[in-house]
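Please consider the structure shown below.

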Amino acid sequence: TLDQITLANVADLQVAWTWQVGILDQHEAPPLVVGDVMYIASPKPNYVYALDLNTDGVIMWEFRPDMNVELATQQTCCGGQTRGIYYAEGKLFYATLDGQVFGLDAATGEALWRTVGTNISYGEGSAGNGLVVNNLFIVGNQGGEYGARGKVNAYDINTGNLQWVMYSMGPDNEVGITPAYRAFYPDGSVLDVHSDV
């Protein structure tokens, strides 16, 4: 465990085993360790692997979503990565480049739910980064390079049902500005970065 690593023994650490995904692309999702299991998400295609840390990284299960990798990499910008796997209440959550969002059973890799949160046809994908808050998995989109409007979707972690969407620009109600909003500046204005103030 981490508290067993000290300044006195850290120099003695050695590689115990390695495991290769077999995909020649850069990884942007760090491994996630929960108990004795390491979860890894691969770049295109966005597979998820569960490795047994007690048995030299033996694969416990793998999840391979049905995704058109060629279309996803043609229609979106900047590689085929996913940027993370998230855990809560015995479930894993992640988004694929083509905008699919999954809830998986962390013990078996079974897909508990699947939804699509973006429209790949006009360059809007999803690569993470997500966040679990209470019973919501919250994840944004990508695709501003192609004119996609930035947004954040919130899904129920038990059902995958969309709970709300908030955009990065647009009318007040679509960006989350409600009557409860309190402006940072007394007059409610936004600071003009070009002014001498």
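Is asparagine 134 buried or exposed? Asparagine 134 is exposed, at a relative accessible area of 68%, where exposed means over 50%, buried under 20% and partly exposed in between, with a 1.4 Å probe and protein chains only. The model is a predicted one, in which local features need pLDDT of at least 70 and side-chain atom pairs count only at pLDDT 80 or more, while totals for chains, interfaces and linings use all residues. Residues are numbered from 1 along each chain as its sequence is written, and side-chain values use heavy atoms, with hydrogens and water left out.

Asparagine 134 belongs to the loop between strand 9 (130–133) and strand 10 (136–140); strands (E, at least two residues) are DSSP runs numbered from the N terminus. These two strands run antiparallel and are joined by 4 bridges, and two strands count as paired if DSSP finds at least two bridges between them. Within the pairing, glycine 130 stands opposite valine 139 of strand 10. The hairpin has 2 residues between its strands, and asparagine 134 adopts a positive phi near 55° there. A positive phi also occurs at glutamate 89, about 50°, although this residue is not a glycine. Glutamate 89 sits in the loop between strand 5 (86–88) and strand 6 (91–95), and it is exposed, with a relative accessible area of 57%.

The interior can be described through its nonpolar cores, each a set of buried Ala, Val, Leu, Ile, Met, Phe, Trp, Tyr and Cys residues joined through side-chain atoms within 4.5 Å. The largest nonpolar core has 14 residues, of which Tyr39, Val48, Trp61, Phe63, Leu92 and Leu104 touch the most other members. At least two residues of this core come from each of strand 2 (37–41), strand 3 (48–52), strand 4 (58–63), strand 6 and strand 7 (100–105). Strand 2 gives the most, with 3 residues. A second, separate core of 10 residues includes Ala95, Val101, Trp113 and Tyr155. Leaving aside residues up to four places away in sequence, valine 48 touches Ile40, Ala41, Trp61, Glu62, Phe63, Ile85, Tyr94 and Leu104, contact being heavy atoms within 4.5 Å.

On a 1 Å grid over the protein atoms alone, a cavity is a set of points where a 1.4 Å probe fits but cannot get out, a pocket is an open set with protein on both sides within 12 Å along at least five of seven lines, and lining residues have an atom within 4 Å of a point. Grid points are joined across faces, edges and corners, and a volume is the space filled by probe spheres set on the points. The largest pocket holds about 150 Å³, and its lining consists of Gln14, Val15, Ala16, Trp17, Trp19, Met38, Ile40 and Leu51. By class, this lining has 7 nonpolar, 1 polar and no charged residues.

Across the whole structure, the search finds 1 cavity of 30 Å³ or more. Residues lining the largest cavity include Val101, Val139 and Tyr155. Strand 10 and strand 11 (151–156) are the elements that give two or more residues to the lining of the largest cavity. This lining divides into 3 nonpolar, 6 polar and no charged residues; Ala, Val, Leu, Ile, Met, Phe, Trp, Tyr, Cys and Pro count as nonpolar, Asp, Glu, Lys and Arg as charged, and the others, Gly among them, as polar.
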